[in-house]
Amino acid sequence: MKSVIVALSVLFFASQSLALDLLQNAPGRQQTSLNGQWNAIVDPFDVGDKRKFQNFDGTPPADKLQEFNFDSAMKLSVPGDWNTQDDKLFWYEGSVWYEKSFEHQAKPGKEYMLYFDAVNYLASVYLNGTLLGKHEGGFTPFQFKATDALKDGKNVLVVKVNNRREPDFIPTMSTDWWNYGGITRPVRLIELSPTYIQDYSFTYKKGGTIAVSVTVAGESPAKQKVDIALPQLGISKRLTTDATGKASLTFKAKPELWTPESPTLYSASLTLGDQTLTDKTGFRTIEVDGDKMLLNGKPVFLRGIAIHEEKPFSDGRAWSEEEARVLLGWAKELGSNYVRFAHYPHNENMLRVADELGLMVWAEIPVYWDIQFDNPEVLAKAKQQFGEMLFRDKNRAAVILWSIANETPNTEVRTSFLTELANTVRTTDPTRLVTAAINTQTTTDSGRIIDEAFAGVVDVIGINSYCGWYYDKPETCAQYKWQSAYNKPIIISEFGAGALQGWEGDENTFFSEAYQLRVFKQNLIMLDNMPHLAGVSPWLLKDFRAARRPLAGVQDYWNRKGLLSDQGIKKQVWYLMQDWYAKKEREHQR
Ligand code: GCB
């Protein structure tokens with residue numbers, strides 16, 4: 001019986017959000033923010049469901065034993081991980097119940113949607129004691145209709161969050177990043193008209209056409225008139241939805257194309273009756289020709305940096321626009337035109353700021369190391385997480401690469417899982433390229449040969465290579481002879497070495513800045529000689545929290561492979577990389 005219940009609950013979680021009835025452009029909607037201080041009860045033994053924490057209404061009865069009270073409980077900031085808000089929660093993995101009460105006055109004829117930008121990892125959402133729904137997956141948005149459960153006056157919102165790792169989760173038991181729990185991104189109460197624009201997309205096609213599509217949802221989605229305007233292009237068009245609420249149109253246009261050097265964004269508006277949604281979007285094409293990546297038809301070399309979504313000057317999950325500006329400002333300062341958002345979908349600000357700054361994005365889902373590739377429910381979850389990421393980010397010109405995996409084992413079951421995932425990604429979004437970070441190669445005396453079957457599945461091959469750190473002497477890296485069985489672009493999606501910023505030590509001492517510099521120097525020689533190379537993203541911008549890195553006095557639970565320290569201080573290797581990128585840029589301009 002137990003296994004049936006478990007299976008059902010997994011399906012329940014998966015099916016809850018598979019429908020993807022998300023709202024496009026949540027930040028641009030009419031809304032009330034539910035960010036701020038929330039009350040929180042830590043519940044390591046999961047007593048909350050039985051004791052009905054979800055029914056809390058702010059008035060613990062005097063005559064009945066009630067062993068919890070949100071009003072007197074600890075406070076946590078939302079958005080925010082719980083680990084860095086209270087020392088006692090630093091290592092915590094389990095349930096925390098969040099509660100917030102808010103005043104609401106329904107406007108006549110309006111609908112309300114509760115929208116969460118992300119909660120890690122499981123969320124159960126209760127409004128005034130009613131379960132609105134559940135969601136699984138720590139880095140993507142989800143929403144529930146709240147109209148019926150909302151009251152005029154005081155409302156009590158309770159969210160049970162659980163970040164305990166499980167074998168059939170994505171990611172699964174082991175990751176080299178911190179398992180930050182909590183309501184890590186904004187919470188919004190979005191106001192909608194009974195019939196509303198749910199989704200839209202703008203796509204630029206080679207040869208000078210723009211395709212627009214719109215989905216209207218709600219009370220009467222059919223035969224609705226939606227006016228689309230791109231004022232800088234002098235374009236205004238009227239679309240009429242079909243019986244399912246969908247409409248699309250393709251027209252000729254000559255926009256200035258989005259490039260890292262000139263990241264032109266166009267204002268777009270969509271109007272349905274008295275509702276107008278505005279956004280900014282760029283137009284570009286990305287494709288592969290042999291071993292070249294072509295941006296707007298021209299070969300491009302990706303000068304990148306890998307980034308974890310952590311705060312710029314400390315540990316903790318980043319979520320705000322200011323943080324995105326600091327992190328991506330550093331990428332620009334380094335000379336990057338590309339960023340790898342490792343290893344999960346980053347918050348929407350990161351994507352929007354990348355669009356604005358002209359940074360091409362590798363966006364990734366956390367299919368990381370050895371997940372349950374033989375479990376069809378896990379495949380469904382991977383598709384769901386990809387679907388939610390794509391839905392949110394499809395209008396970001398910056399995104400050129402969808403990464404479906406990082407360092408997965410070279411087995412048949414994994415290859416068939418990832419082949420199916422790649423096919424789903426391609427069918428859903430034919431306008432971008434599919435990639436993955438791969439770390440299995442055949443090693444022979446004559447070199448390292450990229451020949452595994454999965455490399456044949458992706459459009460662009462990502463290779464993680466830790467020559468000079470986990471294996472081989474740094475000087476060996478410069479001698480590496482790479483070969484590929486595939487005539488495809490290769491991105492060195494990771495290479496690197498750990499260093500504690502400011503730590504004394506010569507170039508033979510692990511974790512000294514000098515050793516890190518030595519590893520980078522040798523790897524750059526390797527890269528200069530690498531066939532098919534279309535880009536690099538060294539590992540990584542900044543030191544980040546990692547439970548797998550215990551070396552006391554050096555790591556102290558930080559992965560030290562940053563070009564910047566955990567406080568954002570530049571290590572020596574920063575300047576080496578900056579010079580190499582300046583050289584690459586000059587070569588490219590020639
Ligand atoms: C990798 C992983 C990355 C790790 C890194 C490391 O290959 O993709 O998540 O953090 O190596 O530092 O070992």
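Student: Which side chains does a polar contact of 3.2 Å join?

Tutor: A polar contact is a pair of N or O atoms within 3.5 Å; within protein, one must be able to donate a hydrogen and the other to accept it, and residues adjacent in sequence count only if both atoms are side-chain atoms. Here the 3.2 Å contact joins the side chains of Asp279 and Arg396, and one of 3.0 Å joins those of Asp279 and Arg352. The model is predicted: local features need pLDDT of at least 70, side-chain atom pairs count only at pLDDT 80 or more, and totals for chains, interfaces and linings use all residues. Residues are numbered from 1 along each chain as its sequence is written, and side-chain values use heavy atoms, with hydrogens and water left out.

Student: Is Asp279 buried or exposed?

Tutor: Buried means under 20% relative accessible area, exposed over 50%, and partly exposed in between, with a 1.4 Å probe and protein chains only. Asp279 counts as buried because its relative accessibility is 7%.

Student: Which residues are closest to the ligand?

Tutor: A residue is near a molecule if one of its heavy atoms lies within 4 Å of it. In this model 14 residues surround the ligand, and the closest are Asp176, His343, Glu407, Tyr470 and Lys561. An oxygen atom of the ligand is 2.6 Å from a side-chain N or O atom of His343; for Lys561, a ligand oxygen is likewise 2.6 Å from a side-chain N or O atom. The protein covers 97% of the 320 Å² of accessible area that the ligand has on its own (Shrake-Rupley method, 1.4 Å probe).
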